[in-house]
Amino acid sequence: MIRVKKGLTAVSAMTLSLAVLAGCGANNDNTNDASSPSASPSASQSASAPASGEAVEFQFYFTGSQNVKDLWDTLIPMFEKENSNVKVKPVYIPSGTGAQPTYDRILAAKQAGKGSGDIDLYEDGVNYVTLGGKDDVWQTLDASAIPNLSNVDPQTMQDVTNLAIPYRSSAVVLAYNSEKVTNPPTTLDGLLDWIKANPEKFAYNDPSTGGAGSSFVSTVLYKDLPEDAIHNSDPAIMQQWDSGFNTLKDLGKYVYGKGIYPKKNQGTLDLLQNGEVDMITAWSDMVLQQQNEGLLSKNIKMQQITPGFNGGPTYLMVNKLSDKKDAVYQFLNFVLSPEAQAVIVDKMNGFPGIELSRMSQEMQDKFKGVSEGFRTFNLGDLGTEINKRWQSDVAAQ
């Protein structure tokens with residue numbers, strides 16, 4: 001999936017749940033950090049620059065697909081052009097090859113008393129935000145050090161206890177053929193009724209092969225559970241999945257092919273584009289990217305439902321033991337500017353990390369109806385258990 005990681009009315013854009021030290025003791029007074037991304041603060045304002053006037057360099061580790069690398073290859077030069085006193089050294093870890101080892105390096109350096117381990121800024125999903133919170137490796141952030149943090153939805157910051165910045169977002173939504181579906185469902189109950197009333201016109205992918213299908217399955221499983229259950233990783237909650245799995249099993253005869261579940265997120269998008277189905281669950285950023293590339297018809301529209309499918313931000317986390325925090329904050333302030341966020345939306349086809357009201361009217365119109373309402377599921381290892389049971393109770397029927 002193109003990451004996102006981030007339910008679309010949230011797109012957190014798709015888009016995008018995320019400085020200072022409240023209690024961690026920064027070296028300098030951060031209140032003088034740049035309040036505008038276009039400003040070029042003096043060395044004394046940001047990162048304790050060397051007396052020689054040389055730029056302060058910090059290391060930024062990030063992971064993802066090629067489009068993520070392309071994004072930072074664009075944004076970093078933009079930042080450095082306007083902020084000559086800071087140098088960003090990016091370290092790209094291709095998707096699927098290094099997230100855990102990178103985090104392990106941060107933690108090992110802390111435990112060995114070796115500071116940051118030369119990793120000052122790190123990008124990843126909510127699982128690593130949570131893990132790092134438990135291990136006390138992330139810096140608490142606030143607008144006194146990063147003024148543009150005020151552009152971010154306060155609730156999004158609260159969700160991660162101000163330990164990370166949501167710089168972009170995406171969400172799972174309903175994608176549908178607007179020429180065939182003129183009144184798409186707006187609730188989960190309405191969607192379940194629509195599926196039964198329109199046999200074989202809805203598809204979702206095998207949840208073990210892509211987040212769009214996984215989101216549909218999880219949303220059904222947690223339909224009648226307390227709202228906070230989507231943040232519960234206690235295995236005891238598995239006993240409450242029976243009703244949801246019975247619903248999914250019953251739906252089998254109404255979905256595409258009377259129980260055919262395509263592989264990967266792309267599998268269902270292909271069915272929608274080919275006209276074999278009229279509605280699917282899909283990642284908002286994938287829909288937008290493929291429409292921009294002419295691979296998906298413009299008549300394909302998106303709709304978030306209530307309760308929302310899962311989605312959420314990709315986060316930037318500051319290593320608590322970094323001695324380059326002021327320089328990192330200066331960079332993060334730029335990333336959260338409307339100027340940088342417009343580039344992020346253009347490159348990633350996701351929702352902006354800042355509130356849509358801070359963006360241009362054109363951008364607000366682009367994400368109307370899909371950039372709000374998504375929910376962030378944080379189930380820990382239970383996702384694996386869901387996939388196992390889905391295979392035995394639903395796919396194998």
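Reader: Let's start with serine 218. Which helix does it lie in?

Author: First, the general idea: helices (H or I, at least four residues) and strands (E, at least two) are DSSP runs, numbered from the N terminus. Here, serine 218 sits in helix H6, residues 211-221. Bear in mind that this is a predicted model, where local features need pLDDT of at least 70, side-chain atom pairs count only at pLDDT 80 or more, and totals for chains, interfaces and linings use all residues. Residues are numbered from 1 along each chain as its sequence is written, and side-chain values use heavy atoms, with hydrogens and water left out.

Reader: Is serine 218 buried or exposed?

Author: We go by relative accessible area: buried is under 20%, exposed is over 50%, and partly exposed is in between (1.4 Å probe, protein chains only). Serine 218 has 7%, so it counts as buried.

Reader: And what is serine 218 in contact with, leaving aside neighbours within four places in sequence?

Author: Contact means heavy atoms within 4.5 Å. With those neighbours set aside, serine 218 touches Phe377, Leu379 and Ile386.

Reader: Okay, on to charges. How many salt bridges does a search of the whole structure find?

Author: For a salt bridge, look for a side-chain nitrogen of Lys or Arg within 4 Å of a carboxyl oxygen of Asp or Glu. The search of the whole structure turns up 13 of them. Take lysine 320 and aspartate 136: their closest N and O atoms are 2.9 Å apart.

Reader: Where do lysine 320 and aspartate 136 lie?

Author: Both are in loops. Lysine 320 is between strand E8 (311-318) and helix H10 (325-335), while aspartate 136 is between helix H3 (126-135) and helix H4 (154-159), so the pair ties together parts 184 residues apart in sequence. Lysine 320 is partly exposed at 23% relative accessible area, and aspartate 136 is partly exposed too, at 39%.

Reader: Which residue does aspartate 224 meet in a salt bridge?

Author: That would be lysine 223, with 3.2 Å from N to O. Aspartate 224 is exposed, at 62% relative accessibility, whereas lysine 223 is partly exposed, at 30%.

Reader: What about arginine 358: which residue is its salt-bridge partner?

Author: Glutamate 355, and the closest N and O atoms there are 3.9 Å apart. Arginine 358 is partly exposed, with 38% relative accessibility, and glutamate 355 is partly exposed with 26%. Elsewhere, salt bridges that share partners join Asp189, Lys223 and Asp224 into one network.

Reader: Now the rings. How many aromatic pairs does a search of the whole structure find?

Author: Rings of Phe, Tyr and Trp (its six-membered ring) pair if their centres lie within 6.5 Å; planes under 30 degrees apart are stacked, over 60 edge-to-face, and the rest tilted. The whole structure gives 21 aromatic pairs. One of them is tilted: phenylalanine 202 with phenylalanine 216, 5.2 Å centre to centre and 50 degrees between the planes. Phenylalanine 202 is in strand E5 (residues 202-203) and phenylalanine 216 in helix H6, so the pair links parts 14 residues apart in sequence. Phenylalanine 202 is buried at 0% relative accessible area, and phenylalanine 216 is buried at 0% as well.

Reader: How is the pair of tyrosine 261 and tryptophan 390 arranged, edge-to-face or stacked?

Author: Edge-to-face, with 4.9 Å between centres and 80 degrees between planes. Tyrosine 261 is in the loop between helix H7 (242-251) and helix H8 (264-273), and tryptophan 390 is in helix H13 (residues 382-395), so parts 129 residues apart in sequence are tied together. Tyrosine 261 is buried at 11% relative accessibility, and tryptophan 390 is buried at 1%.
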